[in-house]
Amino acid sequence: MTEPSAQEHTTTQHSSANVEVDTSYENDSSYGDELSSYSTSLTSSVLDYRHENGRRYHKYRDGSYLLPNDEAENDRLDMLHELCLEVLHRKLYLAPIGKPQRVIDLATGTGLWAIDFADSHPQAEVIGCDLSPIQPTLVPPNVKFLVDDIESEWAYERDPFDFIHARYLAFSIKDFGKLIKQCYRSVKPGGWVEFQDWDGYPYSEDGSLDDTGFQRYYDEANNAFEKAGYEVRPGPKLEEWFQDAGFVNIHVEKFQIPHGVWPKDKHLKKVGTWFQAQSEAGLEAGALAALTRYEQWTKEEVILLASQARADGRKRNVHALFDFYIVYGQRPES
Ligand SMILES: C[S@@+](CC[C@H](N)C(=O)[O-])C[C@H]1O[C@@H](n2cnc3c(N)ncnc32)[C@H](O)[C@@H]1O
């Protein structure tokens with residue numbers, strides 16, 4: 001990949017005017033089958049997890065992240081990794097990074113991105129950090145995982161990175177602007193930062209999402225997250241945050257991600273299948289802490305909201321889409 005010239009600024013949109021519906025699916029009684037067939041050393045206090053409403057949550061900086069860190073959630077994150085690889089045609093990143101030596105994956109989750117990156121870049125030393133130590137222990141020798149809070153002040157400026165990567169921090173982070181400025185200060189001159197993130201609110205191009213349980217779920221859950229101070233729609237704002245931080249050669253790519261097997265296009269159908277699988281696995285987990293801790297819902301009310309969202313999201317005539325953004329930029333050489 002060639003390095004872009006200084007100050008170049010590009011935007012790519014991966015969507016046609018409309019995502020075409022595969023109408024044969026609307027009348028196919030086997031609809032849904034395709035989905036089911038896809039279907040360090042630590043102190044004990046970090047592992048002393050919080051248990052609530054039948055789910056397990058991180059302990060370090062207790063309460064600062066509202067999704068669980070149990071097996072079911074970790075399986076969902078692994079599905080999400082496969083979804084992102086499918087969207088990017090098996091690429092892990094889009095920035096023209098060359099051969100970086102020092103790399104960090106912020107809020108790495110189960111660490112699959114960091115492990116895959118370390119495997120494919122044996123020259124690089126890769127760090128994955130997260131509030132939860134949920135990463136595997138059998139990993140390539142050039143990757144290590146740390147428990148860390150990326151919203152706290154960083155100590156990395158003294159030993160900066162060649163490449164900083166962050167994926168899917170929507171619903172996790174309160175101050176993206178501050179985080180991206182921290183990245184700027186902690187990447188070497190000429191180094192790259194890439195964020196891959198959602199606009200976490202669904203839409204449809206044909207009105208089929210209106211008044212569904214799926215839309216109500218996002219109205220209720222997003223409202224609770226926003227009231228608690230979290231950014232739920234960072235994707236479309238990333239470009240501005242990169243500009244404000246001082247990055248150059250900023251590049252933006254936007255992908256439309258269908259929910260379900262309804263698109264006619266084969267690639268989008270596969271993407272939509274993975275997306276629906278991980279979405280269904282995460283509906284209850286996604287809203288449970290936000291609505292019970294901040295909005296006084298009961299566990300049973302959240303389960304009902306999630307099951308109505310799941311049922312409507314499965315309907316063959318509901319054509320939900322989300323936008324996913326990839327934005328990368330370079331710290332100027334001088
Ligand atoms: C939705 S998951 C995404 C995980 C991973 N980046 C991926 O793409 O699969 C969000 C992750 O952010 C972590 N997280 C949330 N707030 C954090 C913080 N302040 N510092 C470090 N990690 C955080 C959570 O523990 C969780 O693993």
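I call a residue buried when its relative accessible area is under 20%, exposed when over 50% and partly exposed in between, using a 1.4 Å probe and protein chains only. The model I am reading is predicted, so local features need pLDDT of at least 70 and side-chain atom pairs count only at 80 or more, while totals for chains, interfaces and linings use all residues. Residues are numbered from 1 along each chain as its sequence is written, and side-chain values use heavy atoms, with hydrogens and water left out.

I then searched the whole structure for aromatic pairs and got 24; rings of Phe, Tyr and Trp (its six-membered ring) pair if their centres lie within 6.5 Å, and planes under 30 degrees apart count as stacked, over 60 as edge-to-face and the rest as tilted. Phe195 and Phe242 make an edge-to-face pair, 5.8 Å centre to centre with 85 degrees between the planes. Both of these residues are buried. Tyr218 and Phe322 are also paired edge-to-face, at 5.3 Å and 65 degrees. I noted that Tyr218 and Phe322 belong to one aromatic cluster, whose members include Trp198 and Phe275.

A ligand nitrogen atom lies 2.7 Å from a polar backbone atom of Ala107, and a backbone N or O atom of Ile150 is 2.9 Å from a nitrogen atom of the ligand.

Technical notes
A polar contact is a pair of N or O atoms within 3.5 Å; within protein, one must be able to donate a hydrogen and the other to accept it, and residues adjacent in sequence count only if both atoms are side-chain atoms.
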